[in-house]
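Biologist: Please put the model on the screen. I want to know what stands behind each label you use.

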Amino acid sequence: MAGVQTAVALREQGFTGRITLIGAEPHQPYDRPPLSKAVLLGTAEGSAFDVDFEALDIELILGRAVTGLRPADRELDTEAGPVPYDTLVIATGAEPVTLPGVEAVPGVHLLRTLDDAARLRPVLAARHDIVVVGAGWIGAEFATAARAAGCAVTVVEAADRPLAGSLPAEVTAPMAGWYAEHGVELITGARVTGVEPGTVVVDAGTGAPRRLPADAVVVGIGARPATRWLAGSGIATDPGGAITADESLRTSLPDVHAVGDCASFPSARYGRRLLVHHWDNALQGPRTVAANVIAAGAGEPPVSYDPVPYFWSEQFGRFAQYAGDHADADTILWRGGPGEAAWTVLWLRDGALVALLAVDRPRDLAQGRKLILSGARLDARRAADPAVPLKAASSGS
């Protein structure tokens with residue numbers, strides 16, 4: 001997503017130089033969100049971007065992995081030899097974290113690529129018993145699709161609740177109940193101690209380990225920036241492997257930019273560095289990169305990137321949308337109760353809205369995102385009333 005959008009944005013903003021887009025996968029560039037939905041369930045064959053690369057004069061080099069970067073020579077190393085560059089944009093995304101010790105066990109899957117989805121489609125079609133390891137966003141979305149296909153699904157989560165790494169316990173508490181509503185067994189506080197053909201062994205700390213039937217195992221325990229190929233290049237990364245880009249998405253190397261899941265950036269809005277592994281970041285960031293590539297060529301100053309992060313998740317019949325960053329919030333407000341069909345959680349800092357999670361309340365999300373952008377302060381009493389439009393709860397309204 002980030003690579004394609006950068007190339008397209010360069011042309012849209014008037015760049016006339018040569019553009020080469022290199023990808024390790026052999027497929028025409030495609031969108032990832034449908035992989036856990038329509039593509040996985042067989043209601044769509046693929047999700048290729050509707051982009052005429054030839055008309056835009058963008059050269060595609062597909063099925064070629066990049067193995068290294070030599071900035072002194074301004075060259076990339078690839079499986080088919082070096083590729084020179086004047087300006088480089090790194091948009092290699094993230095790679096899924098794997099479960100140790102299961103590499104040789106048949107029936108263990110990841111869900112990140114089009115090929116992954118293709119391998120899982122017949123598993124769902126056969127209505128197998130499936131164990132999902134990880135109750136994060138991707139685990140919940142896959143479990144939803146598997147249940148829709150008629151599979152028996154068990155989700156195993158090491159933390160004491162789903163989405164433990166993303167949201168506070170009081171917010172995820174009602175979300176845990178969504179699993180049972182849809183016939184999915186959720187086992188929390190559990191550690192996978194072994195995976196054998198047809199079986200997953202789980203230690204939930206309650207006595208003897210449980211042996212779960214599993215015709216297939218899907219691992220969704222997180223992702224890390226796909227940057228290991230940069231070893232020895234001199235490009236600055238953090239301990240987790242993310243490229244530490246600056247506020248303009250430039251890296252520590254001259255004429256090298258980084259965008260999307262592979263790079264973090266400093267946010268003046270939130271006062272800390274953000275690493276955003278979501279689709280919207282791979283859509284918005286490339287516009288800044290394109291503008292700065294063109295600005296550098298014209299000797300003009302760069303522009304900064306400081307978005308309000310946004311993502312969505314369709315799971316268990318709900319549409320959950322999140323905007324902002326709640327890490328430094330000092331107040332939490334509910335609009336509607338967690339037992340209701342639709343509700344919103346607001347996070348405030350010094351009275352200003354900094355983040356929200358809206359479950360089947362899209363208007364709250366749309367209005368709240370604008371309020372975060374403007375730094376609006378809210379009347380807490382009115383903001384907590386779900387009958388009051390969120391924009392009407394702004395102290396300036």
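Modeller: Here it is, a predicted model. Let us begin with helix α1. Ten of its eleven residues are buried, so α1 is largely enclosed by the rest of the structure.

Biologist: Which residues of α1 are buried?

Modeller: They are Ala2, Gly3, Val4, Gln5, Thr6, Ala7, Val8, Ala9, Leu10 and Arg11. Buried means under 20% relative accessible area.

Biologist: What do the buried residues of α1 pack against?

Modeller: They pack against the strands β1 (19-22), β2 (58-61) and β6 (88-90), and against helix α6.

Biologist: What makes glycine 17 partly exposed?

Modeller: Its relative accessible area is 24%. Buried needs under 20%, and exposed needs over 50%. The value of 24% lies in between, so glycine 17 is partly exposed. Its C-alpha atom is separated by 53 Å from that of alanine 387, which is 370 residues away along the chain.

Biologist: Now helix α4. How do you know that its length agrees with its number of residues?

Modeller: Helix α4 (residues 137-148) has twelve residues. At 1.5 Å a residue, they should span 16 Å. The end C-alpha atoms are 17 Å apart, which agrees. The buried residues of α4 are Trp137, Gly139, Ala140, Glu141, Phe142, Ala143, Ala145 and Ala146. After α4 comes glycine 150, with a positive phi near 95°.

Biologist: Which residue other than glycine has a positive phi?

Modeller: Leucine 163 is one of them, with phi near 55°. Leucine 163 lies in the loop between β10 (152-156) and α5 (169-181). Leucine 249 has a positive phi too, of about 65°. Its place is the loop between β17 and β18.

Biologist: Why does leucine 163 count as buried?

Modeller: Its relative accessibility is 6%. The cut-off is under 20%, so leucine 163 is buried. The test gives the answer for leucine 249 as well: at 2%, leucine 249 counts as buried.

Biologist: Is glutamate 247 buried, partly exposed or exposed?

Modeller: Glutamate 247 has a relative accessible area of 37%. That lies between 20% and 50%, so glutamate 247 is partly exposed. The loop between β17 (243-244) and β18 (256-258) holds glutamate 247.

Biologist: What does glutamate 247 touch?

Modeller: Leaving out residues up to four places away in sequence, glutamate 247 touches Pro266, Val303, Ser304 and Tyr305. Glutamate 247 and valine 66 are 181 residues apart in sequence. In space they are 26 Å apart, C-alpha to C-alpha.

Conventions
Residues are numbered from 1 along each chain as its sequence is written. This is a predicted model: local features need pLDDT of at least 70, side-chain atom pairs count only at pLDDT 80 or more; totals for chains, interfaces and linings use all residues. Side-chain values use heavy atoms; hydrogens and water are left out. Helices (H or I, at least four residues) and strands (E, at least two) are DSSP runs, numbered from the N terminus. The expected span of a helix is 1.5 Å times one less than its number of residues. Buried means under 20% relative accessible area, exposed over 50%, partly exposed in between (1.4 Å probe, protein chains only). Contact means heavy atoms within 4.5 Å.
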